[in-house]
Amino acid sequence: MTTDPPVPNERPPNHVELDVLVLGGGFGGVYCAKRLGKLARKMVPEPLSVGIVSDQNYMVFQPMLAEVAGASISPRHVVNPIRLLCRGVNVYRGEVDDIDPDRKEVRVDTGQFSSDLVIHYKKLVISLGAAIDLSRVPGMPEHAFLMQNVGDAMILRSTILSRIEEANTEHRPEIRKRLLTFVVVGGGYSGVETAGEVLDLVRSVLKFYGGVSESDVRVVLVHSRDRLLQNLSESLGHYAADKLIDRGLEVRLEERVRAVTAARVYLKSGETIETNTVVSTVGNAPNPAIVRLCESHDIAHHQSWIQTNECLQVKHRDDVWAIGDCANNPLYGKEGERCPQTAQFAMRMGTVAADNVVKSIRSREQKPFTFQGLGELASIGHHTAVAHIGGVNISGFIAWFMWRTIYLAKLPGLDRKVRVMIDWTLDLFFPRDINLLNPRYTSLFRQVHLEANDTLFNRGEPAFSLYVVKKGSIELRNADDGVVRTIESGDFFGERALVHGGGYLYNAIAPEETELVSLSGEAVLPFFEASRRFRRVLAKTTAQGSAEGELKALIEKLDRNLLEKPVTEIMRRDIATLKIDETVGDALSLFKKRRFSIYPLVSDDGHLVGILNREDFFDFIKRDKVTRETSLDQIEFMHLPTCRDTVTVEDALMDMVQQGRYKCLITSEEGKLLGIIAAMDLIGESIKAEA
């Protein structure tokens with residue numbers, strides 16, 4: 001059932017309204033928004049309000065990424081700020097979380113510390129591109145480098161130079177050869193251009209390294225088809241392969257990668273390539289946001305590629321258009337064929353989609369996308385390229401000059417054109433830049449320093465990390481600023497919100513100078529999913545979150561007479577305890593006689609020292625050096641709420657709520673263990689009273 005959008009004057013502050021919204025900051029999205037920005041100003045009586053959502057605030061000129069990786073041009077020269085390209089357009093940087101075409105709204109995740117943005121639109125253009133899925137090849141996601149954005153190209157460039165630096169000091173020839181072996185997977189435009197640039201970069205800088213020679217260098221291009229560059233003619237594909245082979249590139253046609261490790265690539269044929277560097281230019285998959293859209297709404301699609309008509313409008317939707325790599329746009333005049341996923345098509349799709357949006361608003365007939373391509377070009381390095389333009393095949397230096405001229409003309413912004421032209425000119429006369437500038441990536445592990453009274457996170461904020469207290473302490477406080485739990489040095493916290501979502505339940509405050517170790521959810525969650533033992537450890541603490549809710553519900557259900565009773569009237573005094581100076585053998589003997597999940601540890605005079613958890617005990621005795629004579633004081637103890645014998649049942653329950661535990665130990669004023677009270681005991685007492 002379709003739900004009407006909320007009344008405009010009832011919109012919350014994080015909701016905005018636009019006439020036209022464009023999703024995606026690639027060629028299609030940016031050229032669409034750019035065109036809409038120009039057309040919007042001409043609309044009367046009111047100009048159109050136009051917005052674009054992009055996960056970055058710049059557009060990447062992807063055809064030149066290989067040259068960034070090969071150190072031919074500067075990374076900043078292949079990116080353009082979207083705000084400068086799309087004048088008069090509202091630019092929102094963020095990840096598209098949800099698209100609801102029935103309510104005509106899009107939810108955008110704008111960052112870690114800001115609230116989500118909900119954009120209501122009248123017309124929508126989707127140009128979110130494709131995603132990369134390397135999961136079909138074991139080891140590929142963990143070990144392969146990508147070539148999707150400028151960050152990927154910078155990382156690859158730094159990695160190549162780092163490998164050369166390592167090889168220069170490596171005395172073992174087999175290790176040196178492995179360091180200088182580079183495997184590129186995929187024989188399309190990106191793969192061929194990347195392989196050519198990698199080969200050029202390595203060969204051009206070897207003269208500065210006395211510890212390596214050209215015989216150590218090996219660049220391998222693996223392609224599953226029978227020739228390279230399938231979009232070009234067969235002769236040009238073979239020409240490109242021959243030129244690359246002549247320059248020393250190894251080409252493996254009709255071959256697939258079976259698996260990848262940190263030191264090897266395993267091919268389907270059985271061949272093994274020793275390498276520490278693998279670059280993948282394959283693995284296109286539907287964008288996750290598009291998959292969710294197609295699964296949850298009536299959107300025409302083929303395997304999550306949105307189906308459009310020849311006017312780029314989504315089938316059966318008069319207010320949505322889809323273009324580029326996320327869509328299945330028909331190639332005009334060629335039944336059953338899809339428009340190629342190239343920049344020249346995406347740019348023109350963006351312009352046509354913008355025109356059709358405006359025509360739709362004016363109730364005019366839309367025009368079909370009739371572009372069929374002007375030709376294809378691919379640089380293969382070393383001042384050589386291949387091209388198919390106007391039905392003519394061109395190769396060699398002339399094709400390379402044409403490639404640079406055409407792409408320079410396509411590059412947005414006069415300043416970028418001039419900068420790239422200068423880079424290319426200098427590249428003809430001077431050696432490539434071999435500075436090893438490592439980009440600083442987001443770390444999965446980091447140190448966090450807090451001063452006294454600093455706030456780590458607030459109640460309700462989303463969780464991104466698991467925290468371990470290295471020094472000092474953290475207090476978890478409720479909305480009334482009451483201390484619910486204190487996390488001491490050596491303890492961890494934050495796992496419940498990280499694993500189960502829903503945001504933090506408490507405010508986290510450092511009462512003193514504190515040092516934390518923060519582990520990103522990107523690192524923790526894969527461990528949680530893969531390791532049964534790790535899940536069990538976290539389950540002990542994540543269960544505390546559910547215990548809090550259950551105990552609060554129990555307090556509301558229990559009779560006031562029971563809650564107001566002294567805890568000594570309800571507690572169990574018959575407890576299976578162990579002495580702190582007893583041994584593993586003593587504990588095993590007690591376990592056989594009395595089976596409990598926990599065993600309080602007491603001193604000789606009966607003072608409570610700690611709690612021995614049965615599961616923790618059995619994990620401990622699996623260690624090599626543990627014997628029956630090992631003292632129990634070497635085991636890390638767990639903690640339970642502790643109450644004095646003067647409190648009421650309700651007081652004990654509130655302590656259980658604050659620490660998320662179903663049991664509470666009762667001690668005397670001197671700290672001697674007297675008994676234990678459990679939530680199950682109270683349920684039993686309640687049932688007795690009702691009977």
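Arg 103 is partly exposed, at 23% relative accessibility, where partly exposed lies between buried (under 20% relative accessible area) and exposed (over 50%), computed with a 1.4 Å probe and protein chains only. Its side chain forms a salt bridge with Glu 105, with the closest N and O atoms 3.6 Å apart; a salt bridge is a side-chain nitrogen of Lys or Arg within 4 Å of a carboxyl oxygen of Asp or Glu. Glu 105 counts as buried, at 13% relative accessibility.

This is a predicted model, in which local features need pLDDT of at least 70 and side-chain atom pairs count only at pLDDT 80 or more, while totals for chains, interfaces and linings use all residues. Residues are numbered from 1 along each chain as its sequence is written, and side-chain values use heavy atoms, with hydrogens and water left out.

**Overall architecture**
- The protein has 21 helices and 41 strands, which are DSSP runs numbered from the N terminus (helices: H or I, at least four residues; strands: E, at least two).
- The C-alpha trace spans about 95 × 75 × 45 Å along its principal axes.
- Of the 691 residues, 49% are buried.

**Salt bridges**
- The whole structure contains 22 salt bridges.
- Asp 102 and Arg 317 meet in one of them (3.4 Å, N to O). This pair links distant parts of the chain, 215 residues apart: Asp 102 is in the loop between strands E7 (95–100) and E8 (105–109), and Arg 317 is in the loop between strands E22 (305–307) and E23 (320–322).
- Asp 102 is partly exposed at 30% relative accessibility, whereas Arg 317 is buried at 14%.
- Lys 177 forms a salt bridge with Asp 216, the closest N and O atoms being 3.7 Å apart. Lys 177 lies in helix H6 (residues 173–179) and Asp 216 in the loop between helix H7 (189–205) and strand E14 (218–222), so the bridge ties together parts 39 residues apart in sequence.
- Lys 177 is partly exposed, with a relative accessible area of 37%, while Asp 216 is buried at 7%.
- A network of salt bridges links Arg 218, Glu 250, Arg 252 and Glu 271.

**A buried lysine without a salt bridge**
- Lys 123 is in strand E10 (residues 123–126).
- Lys 123 is buried yet has no salt bridge, and the nearest side chain of opposite charge, Asp 318, is 5.5 Å away.

**Exposed lysine**
- Lys 268 lies in the loop between strands E17 (264–267) and E18 (272–274).
- Lys 268 is exposed, with a relative accessible area of 56%.

Definitions and conventions. Lys, Arg positive; Asp, Glu negative; His and termini not counted.
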